[in-house]
Amino acid sequence: MKMFGKSYYEALFYLGIGFGVVIALNRRFKFLPDFAVGFLTGLSIVLMLVAGALRFREKYLKAAEIRRGDERMQMISGKAHEAAYYALLALGAVAILSFSFLGEAFIRAALGIAGAIFFLFIAQLIAGWIYAKRL
Amino acid sequence: MKNRLEELRRKKGISQERLAEAMGVSRQTINSLENGRYNPSIKLAFKLARYFDLSIEEIFIYEEDNK
């Protein structure tokens with residue numbers, strides 16, 4: 001199933017219907033907590049409306065197909081992700097330093113951000129290692 | 001890298017839109033190629049060369065950086 005293709009939106013549409021069925025069953029058997037009912041109802045409506053409408057828009061589907069296969073678009077997307085990644089690292093470093101100076105109450109936040117950055121770094125190393133093997 | 005893409009496309013009498021459709025890329029990509037802002041992958045270069053029935057070197061002109 002190609003992402004953002006017709007079958008992709010059809011799958012999302014039927015997923016929305018599936019959530020609708022779960023909500024209907026819940027009215028009879030009461031097995032979901034209230035927050036889950038609210039979340040699933042919203043998600044079901046959005047999926048049925050958006051995916052249901054997009055799967056019939058041939059022009060949009062064709063444009064999405066071209067965007068997916070277009071090497072320049074892929075390069076732009078890759079560069080945008082890279083820039084966002086470095087911006088996130090810089091912002092994280094500034095946040096860690098700032099929180100460290102704000103006292104003990106902020107140490108947990110600083111450690112949390114440092115942990116997230118460390119995780120990103122490890123994920124990048126692993127992804128780099130996998131791609132180095134493949135390419 | 002320079003290229004003769006615009007000249008060849010005009011000679012063939014086709015629009016950027018039609019060339020893009022034939023290559024499976026967006027019209028903006030063809031526009032970027034023609035303006036020299038973007039260099040194609042070897043795969044796209046081959047596709048373009050086959051489309052115009054020319055060799056890659058006849059479409060794309062490689063210029064070494066003079067530093």
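User: How many salt bridges does the rule find across the interface of chain B and chain A?

Analyst: Side chains of opposite charge can pair when their charged atoms come close. The rule counts a salt bridge when a side-chain nitrogen of Lys or Arg is within 4 Å of a carboxyl oxygen of Asp or Glu, and across the interface of chain B and chain A it finds 1 salt bridge. The partners are Glu21(B) and Lys62(A), whose closest N and O atoms are 3.9 Å apart. Please keep in mind that this is a predicted model, in which local features need pLDDT of at least 70 and side-chain atom pairs count only at pLDDT 80 or more, while totals for chains, interfaces and linings use all residues. Residues are numbered from 1 along each chain as its sequence is written, chains are lettered from A and ligands numbered from 1 in the order in which they are written, and side-chain values use heavy atoms, with hydrogens and water left out.

User: How many residues does each chain bring to the contact, and what area is buried between chain B and chain A?

Analyst: Contact means heavy atoms within 4.5 Å, and by that rule chain B brings 11 residues and chain A brings 8 residues. Buried area is the accessible area (1.4 Å probe) that two parts lose on being put together, summed over both; here it is about 740 Å², with carbon and sulfur atoms giving 51% of it.

User: Which salt bridges tie together parts that are 52 or 61 residues apart in sequence?

Analyst: Over all chains the structure holds 8 salt bridges, and one of them joins Glu58(A) to Lys6(A), with the closest N and O atoms 3.5 Å apart. Helices (H or I, at least four residues) and strands (E, at least two) are DSSP runs, numbered from the N terminus. Because Glu58(A) lies in helix H3 (residues 58–69) of chain A and Lys6(A) in helix H1 of chain A, this pair ties together parts that are 52 residues apart in sequence. In chain B, the side chains of Glu63(B) and Lys2(B) meet in a salt bridge at 3.6 Å, N to O. Glu63(B) lies in the segment after strand E2 (60–61) and Lys2(B) in strand E1 (residues 2–3), so this pair ties together parts that are 61 residues apart in sequence.

User: Is Lys2(B) buried or exposed, and what about Glu63(B)?

Analyst: Buried means under 20% relative accessible area, exposed over 50%, and partly exposed in between (1.4 Å probe, protein chains only). Lys2(B), with a relative accessible area of 52%, is exposed, whereas Glu63(B), with 40%, is partly exposed.

User: What separates Lys11(B) and Glu7(B) along helix H1 of chain B?

Analyst: These two residues form a salt bridge in which the closest N and O atoms are 4.0 Å apart. Because they are 4 residues apart in helix H1 (residues 5–12) of chain B, Lys11(B) and Glu7(B) are separated by about one helical turn. Salt bridges that share partners join Arg4(B), Glu7(B) and Lys11(B) into one network.

User: Which residues other than glycine have a positive phi?

Analyst: Most residues other than glycine have a negative phi. Among those with a positive value is Lys30(A), with phi near 50°, in the loop between helix H1 (6–29) and helix H2 (34–54) of chain A. Another is Asp53(B), with phi of about 60°, in the loop between helix H4 (42–52) and helix H5 (56–59) of chain B. Lys30(A) is exposed, at a relative accessible area of 65%, and Asp53(B) also counts as exposed, at 69% relative accessibility.
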